[in-house]
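Please examine the sequence and model below before reading the questions.

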Amino acid sequence: MALKNVKVTMSRLGVHTMEGNTTVYMPLANIEYMKLGKKKKTFHLDGKMVPDKKYFKGWILGSSYFVGVTADSYQIYDEDGNRTGTSSIEEFGEPIQANEDDFICLKGRIASLIGINGKCKESRALTNEEYESITKE
């Protein structure tokens, strides 16, 4: 099933403890599907609370998955919003392309194909021509 759009907002929650008050946020995903008749879904991702409203730095949208980019990791979710894996930005680098069932990251001259389970499917060094075409864009 193909995803049409994923919009994530942060729900603000106040937490009161004996030590004091603080604010935490829960990511709330609104998912739209391409298939006619499939209703939109809205739910909290992982039931996870984060201390910073800007915890997710960006999003990658594939046809059957979406990825929340944090400061140090990729949080990978399936089309129903279930987390399927996590990958390290430090290990694989910055995202450069989203495919149907995986995405490509680049670290230096090494391109890695990351599956929706968070595991590296394949990794290889780019040729000079490939690297130059990617870095020019």
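This is a predicted model: local features need pLDDT of at least 70, side-chain atom pairs count only at pLDDT 80 or more; totals for chains, interfaces and linings use all residues.

Q: What percentage of the residues in the protein chain is buried?
A: The C-alpha trace of the protein chain spans about 60 × 45 × 25 Å along its principal axes. A residue counts as buried when its relative accessible area is under 20%. Of the 137 residues in the protein chain, the buried share is 36%.

Q: Is Lys53 buried or exposed?
A: Lys53 is located in the loop between β3 (41–44) and β4 (58–61). On the surface, Lys53 gathers with Arg12, Lys54 and Lys57 in a patch of positive charge. The cut-off for an exposed residue is a relative accessible area over 50%. Because the relative accessible area of Lys53 is 52%, Lys53 is exposed.

Q: Which side chain of opposite charge is nearest to Asp78, and how far away is it?
A: Asp78 belongs to strand β6 (residues 73–78), and Asp78 is buried. A salt bridge requires a side-chain nitrogen of Lys or Arg within 4 Å of a carboxyl oxygen of Asp or Glu. Asp78 has no salt bridge, and the nearest side chain of opposite charge is Lys41, 7.4 Å away.

Q: Which backbone nitrogen does the side chain of Asp78 reach?
A: Polar contacts are pairs of N or O atoms within 3.5 Å. At 2.9 Å, the side chain of Asp78 reaches the backbone nitrogen of Asp80.

Technical notes:
Residues are numbered from 1 along each chain as its sequence is written. Side-chain values use heavy atoms; hydrogens and water are left out. Patches are made of residues with over 30% relative accessible area and no salt bridge: like charges are joined within 9 Å, nonpolar side chains (Val, Leu, Ile, Met, Phe, Trp, Tyr) within 5 Å. Accessible areas come from the Shrake-Rupley method with a 1.4 Å probe; for residues, only the protein chains shown count as cover. Lys and Arg count as positive and Asp and Glu as negative; His and the chain ends are not counted. The place of a charge is taken as NZ of Lys, CZ of Arg, CG of Asp or CD of Glu. Helices (H or I, at least four residues) and strands (E, at least two) are DSSP runs, numbered from the N terminus. Buried means under 20% relative accessible area, exposed over 50%, partly exposed in between (1.4 Å probe, protein chains only). A polar contact is a pair of N or O atoms within 3.5 Å; within protein, one must be able to donate a hydrogen and the other to accept it, and residues adjacent in sequence count only if both atoms are side-chain atoms.
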